[in-house]
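Visitor: I would like to learn how to read a protein model, one feature at a time.
Guide: Then let us look at one together.

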Amino acid sequence: MLANKGVNQGVAPVTYGEGNRPPRGDYAHARGDYTCDQNWSAYSPQEHDLYRRLYERQASQLVGLACDEFIEAVEHLGAAQRIPRFDELSEKLHRATRWEVVAVPGLIPEEAFFALLAKRKFPVTGWIRQPEEFDYVVEPDVFHDLFGHVPLLFNPVFADYMQAYGAGGLKASRLDACELLARLYWYTVEFGLIATPQGLRAYGAGILSSAGELRYSVHSPQPSRVGFDLQRIMRTRYKIDSYQTTYFVIDSFRQLFDATAPDFTPIYRAVRAQPEIDAGVVLTNERLIAAACTPG
Ligand code: HBI
Ligand code: FE
């Protein structure tokens, strides 16, 4: 998923926009589980420098906008001067929460994605965006996946949530409920906000890897911010081509993990018995959270 662009819920290799440009990754040489080698030596100095500039721009605006758990963990990505080696990063990550980073050619089919998460393997796209895509790229590239998603995998509770999500995804596939579960991923892992004693903060990867949406999601008066409600999230459509108009706010990662503990079968049934909700719509009497007041 990417900064104000989303994961097309189709099956990779996905096609995008006009002309259905061919996918960038080398799917033909990926293994059966869609993993591939990172081929770190193939990155050019320009690509390492692009990663460095993306990293510096985001890292410079984290304080006051990103949750503490993310700020503490982002250091684990190591030197910001170059694209990390996935094997080195996996060694650190595995010691922390038994997760590892695996290279993939890009977006992969949901079933394959869930199966990797369920095995505590986070799929990270190997290629990096083009310079002209500095501010925005449609598919998740190595910067979005590494900077946006990997740091919170060092957090034990969030790491367990991600594996539980993957296991739940495999079940959802059998219940034809992937679209409902994709909304949970979207409004938590990609665009989630968390309430903290210091105020509203971002933990979603799509927000944290976005130059503009990080400040917008925490401070803008425009979007609505709704207290975490699993069924409400599963009923809510999302936009993949602009900043979000609805965010959901958790009180803690523990709350998020506990919400995925029960069997979702009755929840899917209850969700399907209610009308879907467009992004940006606010229901009467639901708990809304105010934007964080703009710093001094
Ligand atoms: N594939 N590589 C990759 N990264 C994702 O974030 C991803 C994916 N495939 C499917 C997908 N996300 C979404 O459909 C999730 O909601 C499952
Ligand atoms: Fe993502």
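Visitor: Which residues is S90 in contact with, leaving aside its neighbours within four places in sequence?
Guide: Contact means heavy atoms within 4.5 Å. By that rule S90 is in contact with W99, E100 and V101, once neighbours within four places in sequence are left aside. Before going on, note that this is a predicted model, in which local features need pLDDT of at least 70, side-chain atom pairs count only at pLDDT 80 or more, and totals for chains, interfaces and linings use all residues. Residues are numbered from 1 along each chain as its sequence is written, chains are lettered from A and ligands numbered from 1 in the order in which they are written, and side-chain values use heavy atoms, with hydrogens and water left out.

Visitor: Where is S90 found?
Guide: S90 is found in helix α3, residues 86-97. Helices (H or I, at least four residues) and strands (E, at least two) are DSSP runs, numbered from the N terminus. The chain has 12 helices and 6 strands. Its radius of gyration (over C-alpha atoms) is 18 Å.

Visitor: Does S90 count as buried or exposed?
Guide: Buried means under 20% relative accessible area, exposed over 50%, and partly exposed in between, with a 1.4 Å probe and protein chains only. S90 has 11% relative accessibility, so S90 counts as buried. Of the 296 residues of the chain, 54% count as buried.

Visitor: What is a nonpolar core, and which residues have the most contacts inside the largest one?
Guide: In soluble globular proteins, nonpolar side chains tend to be buried together. A nonpolar core is a set of buried Ala, Val, Leu, Ile, Met, Phe, Trp, Tyr and Cys residues joined through side-chain atoms within 4.5 Å. Here the largest core has 89 residues, and V150 and M162 have the most contacts inside it. Helix α7 (residues 178-190) gives the most to this core, with 9 residues. Beyond four places in sequence, V150 is in contact with residues including L77, L89, V101 and F122.

Visitor: Why is helix α5 described as largely enclosed?
Guide: In helix α5 (residues 142-149), 8 of the 8 residues are buried, so the rest of the structure largely encloses it. Among these buried residues are V142, F143 and H144. They pack against several elements, including α1 (45-59), β2 (121-125) and α7.

Visitor: What can C178 show me about helix α7?
Guide: C178 has its place in that helix. At 15% relative accessibility, C178 counts as buried. Not counting residues up to four places away in sequence, C178 touches E110, F114, A172 and S173. As for distance, C178 and E132 are 46 residues apart along the chain, and their C-alpha atoms are separated by 33 Å.

Visitor: How do I read a phi angle, and what is the phi of N39?
Guide: Most residues other than glycine have a negative phi. N39 is not a glycine, yet its phi is positive, near 55°. N39 lies in the segment before α1 and counts as partly exposed, at 48% relative accessibility. R98, also not a glycine, has a positive phi of about 65°. R98 is found in the loop between α3 and β1 (100-104).

Methods
The radius of gyration is taken over C-alpha atoms; the globule rule is 2.2 Å times the number of residues to the power 0.38.
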